[in-house]
Amino acid sequence: MAGLTAPLLGLQKKSLREQALSALRTAITSGELAPGRHLVETELSEMLQISRGTLREALRQLEQEGLLSAGPRGRLSVRHLDHKEIRDIFAVRAALESLAARTLCELVDRQHVTESLHAAIDAMAANAGGTLEERIESDLEFHRTLCRLTGNETLLHSWESLEGSIRMSIMFAGQEKGVSNMSVDRHRDIVDAIDTGDAGLTRKTILEHMDTAAANLVS
């Protein structure tokens, strides 16, 4: 795997598994490790300067997150997302975020919710001139915040389990398609709907947001 660059080169001794996970996630979602690429344990463990046991733990976690897939004889490769898988991912996102939005609509006082979400939108706007990866992260932080504000840890954990696949679907669709889904106005529509307290309107807004985003990525 010659030619790979940081963050795959050289990890500190502390929390090796977590550092390996972070490095590999970044390499996969940035396209440095391209879809379909087979992973060779000996080469990766040497490159990351970790034991093969520690590497296997990280790879198992990435497989659970949907970033890697197992082929014949259990050989792992970087997962390639087809159009159906992308639509499925966004359908599940829509269900989770609709539940989050409904929960927030039921709050008597939603001011702290709308303030937090508007702050996340401001961060998106501030990153408008950044790299695609930076823009993806600020976009995801808005949706992560939406789920976190519910106080439902199971909901948040379920959403976070999709995060790697969401990043991959955006990265692999390309910058033009990915950026077109990050409109600040589209995200303000979600906050405005939540602010009304109308759960039906909010659900409709979330579903349209996700349907449009998925359709754009697979077009």
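Because the model is predicted, local features are reported only at pLDDT of at least 70 and side-chain atom pairs only at pLDDT 80 or more, while totals for chains, interfaces and linings use all residues. Residues are numbered from 1 along each chain as its sequence is written, and side-chain values use heavy atoms, with hydrogens and water left out.

The protein chain contains 11 helices and two strands; helices (H or I, at least four residues) and strands (E, at least two) are DSSP runs, numbered from the N terminus. In sequence order the elements form the pattern α-α-α-β-β-α-α-α-α-α-α-α-α. The radius of gyration is 19 Å, close to the 17 Å that the globule rule gives for 219 residues, so the chain is as compact as a globular protein of that length. Here the radius is taken over C-alpha atoms, and the globule rule is 2.2 Å times the number of residues to the power 0.38. Along the principal axes, the C-alpha atoms fill a box of roughly 55 × 40 × 35 Å.

Burial is classified by relative accessible area: buried means under 20%, exposed over 50%, and partly exposed in between, with a 1.4 Å probe and protein chains only. By this criterion 44% of the 219 residues count as buried. The accessible surface of the chain comes to about 10,800 Å², and 50% of it belongs to carbon and sulfur atoms. These areas come from the Shrake-Rupley method with a 1.4 Å probe; for residues, only the protein chains shown count as cover. Contact means heavy atoms within 4.5 Å. Among contacts between residues at least 6 apart in sequence, 72% join residues at least 24 apart. The chain carries 25 positive and 32 negative charges, whose mean positions are 7 Å apart. Lys and Arg count as positive and Asp and Glu as negative, whereas His and the chain ends are not counted; each charge is placed at NZ of Lys, CZ of Arg, CG of Asp or CD of Glu.

Helix H2 (residues 41-48) has Leu44, Ser45, Met47 and Leu48 as its buried residues. Seen down the axis of H2, these residues fall within an arc of 165 degrees, so they line one face of the helix. The arc is that of the directions from the helix axis to the C-beta atoms. Helix H1 (16-29) and helix H3 (52-64) are among the elements that cover the buried residues of H2.

Although it is not a glycine, glutamine 49 has a positive phi of about 60 degrees. Most residues other than glycine have a negative phi. Glutamine 49 is partly exposed, at 48% relative accessibility. Arginine 73 likewise is not a glycine and has a positive phi of about 60 degrees. Arginine 73 lies in the loop between strand S1 (68-70) and strand S2 (76-78), and is exposed at 90% relative accessibility.

Within strand S2 stands serine 77, which is buried with a relative accessible area of 11%. Not counting residues up to four places away in sequence, serine 77 touches Gly36, Arg37, His38, Leu39, Leu67, Leu68 and Ser69.

Attention now turns to helix H4 (residues 83-105), where arginine 93 is found. Beyond residues up to four places away in sequence, arginine 93 touches His143, Trp159, Leu162, Ile166 and Met210. Alanine 100 also lies in helix H4 and is buried, with a relative accessible area of 0%. Leaving aside neighbours within four places in sequence, alanine 100 is in contact with Leu146, Cys147, Thr150 and Leu155. Alanine 100 and asparagine 152 are 52 residues apart in sequence, yet 8.4 Å apart in space, C-alpha to C-alpha.

In helix H7 (residues 153-160), Leu155, Leu156 and Trp159 are buried. They cover an arc of only 95 degrees around the axis, which puts them on the same side of H7. Glu153, Thr154 and His157 are exposed on the other side of H7. The cover over the buried residues of H7 includes H4, helix H6 (132-148) and helix H8 (163-173).
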